[in-house]
Amino acid sequence: MTQVLVGESEGIESALRRFKRQVSRAGILADVKCRRHFETPQEKRKRKASAARRKRRYR
């Protein structure tokens, strides 16, 4: 669980920036995209291309 404590003199913009940074470091958005049911054609092509690259590398 990602949480950000906002200080008294801290602005909401900087707190939001810290929150976004923590979410990206934790990999939450990547995990949500991975678990999403619908996959766009572009995402499908990217996933298949990276899988093919991995497969070629380990042969």
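Colleague: Which element gives the largest share of the lining of the largest pocket?

Modeller: Helix 2, with 3 residues. Keep in mind that this is a predicted model.

Colleague: And which helices each supply at least two residues of that lining?

Modeller: Helix 2, spanning 28–35, and helix 3, spanning 41–57.

Colleague: Names, please. Which residues line the largest pocket?

Modeller: A30, K33, C34, R36, F38, E39, E43 and R47.

Colleague: How does that lining split by class?

Modeller: There are 5 charged residues and 3 nonpolar ones in the lining.

Colleague: What volume does the largest pocket have?

Modeller: About 220 Å³.

Colleague: Switching to the fold. How many helices and strands does the chain have?

Modeller: It has 3 helices and 0 strands. Read from the N terminus, the order is α-α-α.

Colleague: What radius of gyration does the chain have?

Modeller: 18 Å. For a compact globule of 59 residues, the value would be near 10 Å.

Colleague: What box do the C-alpha atoms fill?

Modeller: Roughly 55 × 25 × 20 Å, along the principal axes.

Colleague: Last one. How much accessible surface does the chain have, and what share belongs to carbon and sulfur?

Modeller: The accessible surface is about 5900 Å². Carbon and sulfur atoms account for 55% of that.

Definitions and conventions
Residues are numbered from 1 along each chain as its sequence is written. This is a predicted model: local features need pLDDT of at least 70, side-chain atom pairs count only at pLDDT 80 or more; totals for chains, interfaces and linings use all residues. Side-chain values use heavy atoms; hydrogens and water are left out. On a 1 Å grid over the protein atoms alone, a cavity is a set of points where a 1.4 Å probe fits but cannot get out, and a pocket is an open set with protein on both sides within 12 Å along at least five of seven lines; lining residues have an atom within 4 Å of a point. Grid points are joined across faces, edges and corners, and a volume is the space filled by probe spheres set on the points. Helices (H or I, at least four residues) and strands (E, at least two) are DSSP runs, numbered from the N terminus. Ala, Val, Leu, Ile, Met, Phe, Trp, Tyr, Cys and Pro count as nonpolar, Asp, Glu, Lys and Arg as charged, and the others, Gly among them, as polar. The radius of gyration is taken over C-alpha atoms; the globule rule is 2.2 Å times the number of residues to the power 0.38. Accessible areas come from the Shrake-Rupley method with a 1.4 Å probe; for residues, only the protein chains shown count as cover.
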